[in-house]
Amino acid sequence: MSLLAPERGAAGSVLSFPPVPSDPGFGVYLHWPFCAAKCPYCDFNSHVRRAPVDQARFAAAFEREIAESARDTAGFTVTSIFLGGGTPSLMEPATVARLLDAVSANWTVTENAEVTLEANPSSVEADRFRGYRAAGVNRVSLGVQALNDPDLRLLGRLHDVDTALHAIGLAREIFPRLSFDLIYARPNQSVEAWEAELSRAIDLAADHLSLYQLTIEEGTPFFALRKAGKLKVPDGELSADLYEATQQLTRARGLPAYEVSNHAVPGAESRHNLTYWRYGYYAGIGPGAHGRLPSRDGGRRAVANEKLPETWLKMVESWDRGSVEDELLSREEEADELMLMGLRLTEGIDVARWSRLSGRSIDADVEADLTAHGMVERVGPGRIRATPAGMLVLDAVVADLA
């Protein structure tokens with residue numbers, strides 16, 4: 001049976017999927033760009049500073065950019081807030097409270113809004129976690145990455161397994177919702193070793209796991225090591241086996257995939273990330289943050305901020321915003337983004353919405369060919385999605401359909 005197929009009840013009847021909301025929500029992303037150390041695989045906008053960061057000054061700049069962004073989205077209601085990085089758990093709880101208070105002061109925030117903070121286990125303290133909870137954080141995402149110490153050292157992490165387990169225990173005690181990340185397809189990792197590690201992770205998990213295959217990004221230390229022949233990662237066939245084992249085990253244990261790399265107990269999906277994947281609007285605040293905001297003609301603007309923290313800070317202090325790109329997307333570009341994001345989800349995309357944006361229908365011959373090769377399938381009224389096989393070559397599937 002397809003891993004993405006509808007489950008069947010005891011009598012063999014097909015169980016229906018929950019309806020997909022027509023409104024993907026509106027999210028606010030707050031990017032704290034500072035880390036205690038730069039991981040060798042990371043190409044995110046993160047920066048190490050030896051001197052203490054002036055958190056009060058940066059918080060004031062966040063407040064100014066939040067207010068400016070709110071003017072672009074007057075009347076919008078915030079359904080989720082995500083504090084990412086970098087390492088947001090390096091912020092003092094008072095700084096987090098200032099940022100969240102600024103969001104509430106400038107937008108209406110739904111009563112049950114999801115408020116997520118990314119945290120590294122090495123920067124976790126019970127008092128700090130309780131301070132974040134008091135500030136309004138109701139979901140934490142821990143960057144665990146591995147459950148054995150040799151691989152944690154290989155990945156450049158500052159914590160060990162015992163520290164990670166302590167952080168997971170604290171998070172489960174203090175926050176209503178918890179997710180943590182693991183990276184697989186690591187050097188010398190077998191399917192059997194990954195299955196054992198993943199099974200342990202599921203035992204520790206609350207209701208959500210993010211499971212990412214290690215990718216070697218240009219410009220990172222891992223890229224240089226691989227180029228020099230000093231780092232060997234699993235080949236395509238082994239990577240596919242690791243991915244398939246991940247899908248099978250998480251599904252069997254009650255955390256099926258709802259996106260390429262994200263797994264949850266049904267109903268516990270990340271609402272903020274679903275806003276991205278369902279192609280909703282979101283505001284990006286902070287150095288290097290990206291946003292998708294409405295344009296005056298009913299379209300969509302792609303906004304990107306200056307990456308260097310100190311340069312962003314001076315820009316906001318002078319002009320209330322740190323954006324270096326603000327591009328009006330064409331309808332075709334919007335349609336491409338909708339497909340690129342939406343086909344990551346097991347629920348797929350609304351074909352009619354894609355057609356309204358692109359001004360055309362999906363090519364029937366292309367769809368028939370992809371269906372015949374087991375890459376895509378129709379699901380529910382008017383939706384199309386990638387199959388498990390299609391997920392393995394998703395970029396090619398998107399290119400063909402779009």
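Is Ser261 buried or exposed? Ser261 counts as buried, since its relative accessibility is 10%. Buried here stands for under 20% relative accessible area, exposed for over 50%, and partly exposed for anything in between, using a 1.4 Å probe and protein chains only.

1. **Ground rules.** You're looking at a predicted model, where local features need pLDDT of at least 70, side-chain atom pairs count only at pLDDT 80 or more, and totals for chains, interfaces and linings use all residues. Residues are numbered from 1 along each chain as its sequence is written, and side-chain values use heavy atoms, with hydrogens and water left out.

2. **Back to Ser261.** You'll find Ser261 in the loop between strand S9 (257-259) and strand S10 (262-264). Helices (H or I, at least four residues) and strands (E, at least two) are DSSP runs, numbered from the N terminus. Not counting residues up to four places away in sequence, Ser261 touches Leu209, Ser210, Leu211, Tyr212 and Arg344. Contact means heavy atoms within 4.5 Å.

3. **The cores.** A nonpolar core is a set of buried Ala, Val, Leu, Ile, Met, Phe, Trp, Tyr and Cys residues joined through side-chain atoms within 4.5 Å. The largest one has 90 residues, and Leu30, Phe129 and Leu142 touch the most other members. If you click on Leu142, look for its contacts beyond four places in sequence, among them Ala119, Val124, Phe129, Ile168 and Phe180. There is also a second, separate core of twelve residues, including Tyr41, Leu152, Leu155 and Phe222.

4. **Strand S4 and its partners.** Strand S4 (residues 77-85) is mostly covered, with seven of its nine residues buried. Two strands pair if DSSP finds at least two bridges between them. S4 pairs with strand S1 (residues 26-32) in the parallel sense over six bridges, and Tyr29 stands opposite Phe82 in S4. S4 also pairs with strand S5 (residues 108-119), again parallel and over six bridges; here Ile81 stands opposite Val115 in S5.

5. S16 is joined to strand S17 (residues 383-386) by three bridges, running antiparallel. Glu377 has Arg385 in S17 as its bridge partner.

6. **The cavity.** Searching the whole structure turns up one cavity of 30 Å³ or more. On a 1 Å grid over the protein atoms alone, a cavity is a set of points where a 1.4 Å probe fits but cannot get out, and lining residues have an atom within 4 Å of a point. The volume of the largest cavity is about 120 Å³, taken as the space filled by probe spheres set on the points, with grid points joined across faces, edges and corners. Of the 16 lining residues, the closest to its centre are Ser69, Gly284, Val303, Asn305 and Arg321.

7. **What lines it.** Helix H1 (55-72) and strands S11 (281-285), S12 (290-294) and S13 (300-305) each supply at least two residues of the lining of the largest cavity. H1 gives the most, with four residues. By class, the lining has five nonpolar, seven polar and four charged residues. For that tally, Ala, Val, Leu, Ile, Met, Phe, Trp, Tyr, Cys and Pro are nonpolar, Asp, Glu, Lys and Arg are charged, and the others, Gly among them, are polar.

8. **Ala59.** Ala59 belongs to helix H1 and is buried, at 0% relative accessibility. Leaving aside neighbours within four places in sequence, Ala59 is in contact with Thr95, Arg98 and Leu99.

9. Most residues other than glycine have a negative phi, and most peptide bonds are trans. The peptide bond from Gly85 to Gly86 is cis, with omega near 20 degrees, and Gly86 sits in the loop between S4 and helix H2 (93-106). Asn188, in the loop between strand S7 (177-184) and helix H6 (191-204), has a positive phi near 65 degrees and is exposed, with a relative accessible area of 80%. Tyr279 also has a positive phi, about 60 degrees. Tyr279 is placed in the loop between helix H9 (271-277) and S11, and counts as buried at 3% relative accessibility.

How values were computed: 1 Å grid on protein atoms, 1.4 Å probe; cavity = no way out; pocket = protein on both sides within 12 Å on 5 of 7 lines; lining within 4 Å.
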